[in-house]
Amino acid sequence: MYSPLQLAIKYFNYWITASNGKGHGMHSPFVFEFIARVLNDKTVYPEYEKVEALRNQLLHDNTVLEIEDFGAGSGIDKKNKRSISSITKNAAKPKKFGQLIFRMVKHYQPATILELGTSLGITTSYLSLAKPDARVTTMEGSNEISKIAKQNFQDLELKNIELIEGNFDDTLLSVVRGLSAIDFSFIDGNHRQEPTERYFKELLAKTNNDSILVFDDIHWSSEMEAAWETIKKDATVTCSIDLFFIGIVFFRKEFKEKQDFVIRF
Ligand SMILES: C[S@@+](CC[C@H](N)C(=O)[O-])C[C@H]1O[C@@H](n2cnc3c(N)ncnc32)[C@H](O)[C@@H]1O
């Protein structure tokens, strides 16, 4: 992964070169609408409070879990002890992005949603609340983390989530096979080049014209930047949006030519 200084420089470059979506060059009505209605929607939806109350509760929970380390490059037999508070602080997507993902699901209304990397279930809760009649499948390798996530779903009375335990490498193919389609996916685990590209290819089996894939931490390391380049260039992808901390890809045929946007958020 990049050092904090390297990341700060990258972020600065992103900020000064990214489009704010208002100026010249925004010729895509679809992307224009995405910016106006989703990215810049400042409505405070009541569901936000529910999920942020959960985050707050977890941030104050000092219970220690013994977790499998699926981190970049490490073997899964390695175990770590970490508090729920520290996992929440370091692994959960911050509120700004959790809420953007909520708005994307609310706006585009995907029927099937797949998340790779549940952690304690904060973003899963946003996914579930955004469309309570969607089928939400979320995947997590760590057994102890999964237990807490399931408890969190119960506490929030979220009834449309299925949590699949196990290493994505062993579970993803059969999960994809069992889904009728993948209308929306958030890929937020195993931030290395080869697995990220492989998971993308596996997801393609069930994507369609309206599918949306969101990749986390596309500028976190040179490996993730390389994976993001491969994904953007794939022949099936017709439009990509780089928001620095996440990358979004679309497959819509209405884009006659591939379009890659970098947008300030
Ligand atoms: C960054 S966290 C997910 C955060 C969550 N999406 C959120 O925003 O609240 C990534 C999770 O993916 C899990 N993970 C990473 N690599 C994995 C793998 N190969 N198989 C299964 N789980 C994995 C980790 O255990 C971790 O809990």
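1. Around the ligand there are 18 residues, of which Phe70, Gly117, Thr123, Gly141 and Gly189 come nearest; a residue is taken as near a molecule or strand if its C-beta atom, placed from the backbone, lies within 6 Å of it. The model is a predicted one, in which local features need pLDDT of at least 70 and side-chain atom pairs count only at pLDDT 80 or more, while totals for chains, interfaces and linings use all residues. Residue numbers start from 1 along each chain as its sequence is written.

2. By class, the shell around the ligand comprises six nonpolar, eight polar and four charged residues, where Ala, Val, Leu, Ile, Met, Phe, Trp, Tyr, Cys and Pro count as nonpolar, Asp, Glu, Lys and Arg as charged, and the others, Gly among them, as polar. Helices α6 (122-130) and α8 (168-178) each contribute at least two residues to this shell; helices (H or I, at least four residues) and strands (E, at least two) are DSSP runs, numbered from the N terminus.

3. The open sheet has eight strands in the order β5-β4-β3-β6-β7-β9-β8-β10, and its pairing is mixed, two strands being paired if DSSP finds at least two bridges between them. Because β5 (161-165) and β10 (259-262) stand at the edges, each with a single partner strand, one side of each is left without a neighbour in the sheet. From one strand to the next the twist averages 15 degrees, with axes fitted as lines to C-alpha atoms, for helices over the stretch in contact, and angles running from 0 to 180 degrees between N-to-C directions.

4. Strand β3 (residues 112-116) has four of its five residues buried, so it is largely enclosed by the rest of the structure; a residue is buried if 20 or more other C-beta atoms lie within 10 Å of its own, exposed if 12 or fewer, and partly exposed in between, with C-beta atoms placed from the backbone. Five bridges join β3 to the parallel strand β4 (residues 135-140), and in β4 it is Thr137 that stands opposite Leu114. The chain passes from β3 through α6 to β4 in a right-handed β-α-β crossover, meaning that, with the strands pointing away from the viewer, the path from the first strand over the helix to the second runs clockwise.

5. Strand β3 is also joined by four bridges to β6 (residues 184-187), and these two strands run parallel. Here the bridge partner of Leu114 is Ser185, while Leu116 stands opposite Ile187.

6. In helix α4 (residues 84-91), the buried residues are Ile84, Ile87 and Thr88. Seen down the axis of α4, these buried residues fall within an arc of 100 degrees, so they line one face of the helix; the arc is that of the directions from the helix axis to the C-beta atoms.

7. Glu157, with phi near 55 degrees, lies in the loop between α7 (143-155) and β5, and it is exposed, with 9 other C-beta atoms within 10 Å. Asp217, with phi near 50 degrees, lies in the loop between β7 (212-216) and α10 (222-233), but Asp217 counts as partly exposed, with 19 C-beta neighbours inside 10 Å.

8. Leu59 belongs to helix α3 (residues 46-59) and, with 14 C-beta neighbours inside 10 Å, counts as partly exposed. Between Leu59 and Glu47, twelve residues apart in sequence, the C-alpha to C-alpha distance is 19 Å.
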